[in-house]
Amino acid sequence: KLHPVQQKLIDETMKNPRYKMMGAAEVVNLNALFIKNMGAKKVIDVGVFTGASSLAAALALPEDGKVLACDVNEEWTSKAREYWKEAGVENKIELVLAPATETLQKRLDNGEAGTYDFAFIDADKGNYYN
């Protein structure tokens, strides 16, 4: 069953002309099941849009869990921040507005290689091979 804020996010995002950019509910819910069952604490989410996948991940994580959310669009992610706050998980999500390749390279340079438990990439499909 979806959290009420997840349902609200889906319903409102479906009214957006670019709604197909949202991760499918069955995919983000399967991700959440993986995150919960593996006991993950750190998750990477590349491609935030209105926040469906980040929200699902944050809800699945323990209280001390963290989501590194990567996106480049302030307009869409500002809506995501509203949903995260409404669901009470904004403290679990670090949104970085920059190309994910740069953000992730900085994390590697800071010694974070191998410290994330799960990653979901649903953005910038032209860069998948980099």
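Q: Which helix holds Phe 34?
A: In this predicted model, Phe 34 is found in helix α2, which spans residues 25–37.

Q: Is Phe 34 buried, partly exposed or exposed?
A: Buried means under 20% relative accessible area, exposed means over 50%, and partly exposed lies in between. Phe 34 has a relative accessible area of 42%, so it is partly exposed.

Q: Which residues form a nonpolar patch on the surface?
A: Phe 34 forms the patch together with Leu 30, Leu 33 and Met 38. Their accessible area together is about 380 Å².

Q: How many residues of helix α3 are buried?
A: The cut-off for buried is again under 20% relative accessible area. In helix α3, residues 52–60, eight of the nine residues are buried, and the helix is mostly covered. Among them are Leu 55, Ser 53 and Ser 54, as well as several alanines, including Ala 52 and Ala 60.

Q: How many salt bridges does a search of the whole structure find?
A: A salt bridge needs a side-chain nitrogen of Lys or Arg within 4 Å of a carboxyl oxygen of Asp or Glu. The search finds seven of them. One of these pairs is Glu 12 with Lys 79, where the closest N and O atoms are 3.6 Å apart.

Q: Why does the pair of Glu 12 and Lys 79 tie together parts that are apart in sequence?
A: Glu 12 lies in helix α1 (residues 4–13) and Lys 79 in helix α4 (residues 74–87), so the bridge joins parts that are 67 residues apart in sequence. Glu 12 is partly exposed, because its relative accessible area is 29%. Lys 79, at 30%, also counts as partly exposed.

Q: Where do Glu 112 and Lys 42 lie?
A: These two residues form a salt bridge, with their closest N and O atoms 3.6 Å apart. Glu 112 is in the loop between α5 (100–109) and β4 (118–121), while Lys 42 is in strand β1 (residues 42–46); the two are 70 residues apart. Glu 112 has 18% relative accessibility and so counts as buried, whereas Lys 42, at 25%, is partly exposed.

Q: What do the side chains of Glu 94 and Arg 107 form?
A: They meet in a salt bridge, at 2.6 Å from N to O. Glu 94 lies in strand β3 (residues 93–97) and Arg 107 in helix α5, so parts 13 residues apart in sequence are tied together. Arg 107 counts as buried because its relative accessibility is 16%; Glu 94, at 39%, is partly exposed.

Q: Which residues are linked in a network of salt bridges?
A: The network links Lys 42, Glu 94, Arg 107 and Glu 112.

Methods:
Residues numbered from 1 in each chain as written. Predicted model: local features only at pLDDT ≥ 70, side-chain atom pairs only at ≥ 80, totals over all residues. Heavy atoms only, no water. Patch = residues over 30% accessible without salt bridge, like charges linked within 9 Å, V, L, I, M, F, W, Y side chains within 5 Å. Areas by Shrake-Rupley, 256 points an atom, 1.4 Å probe, with all protein chains shown as cover. Helix = DSSP H or I, 4+ residues; strand = E, 2+ residues; numbered from the N terminus. Buried < 20%, exposed > 50% of the residue type's maximum accessible area, 1.4 Å probe, protein only.
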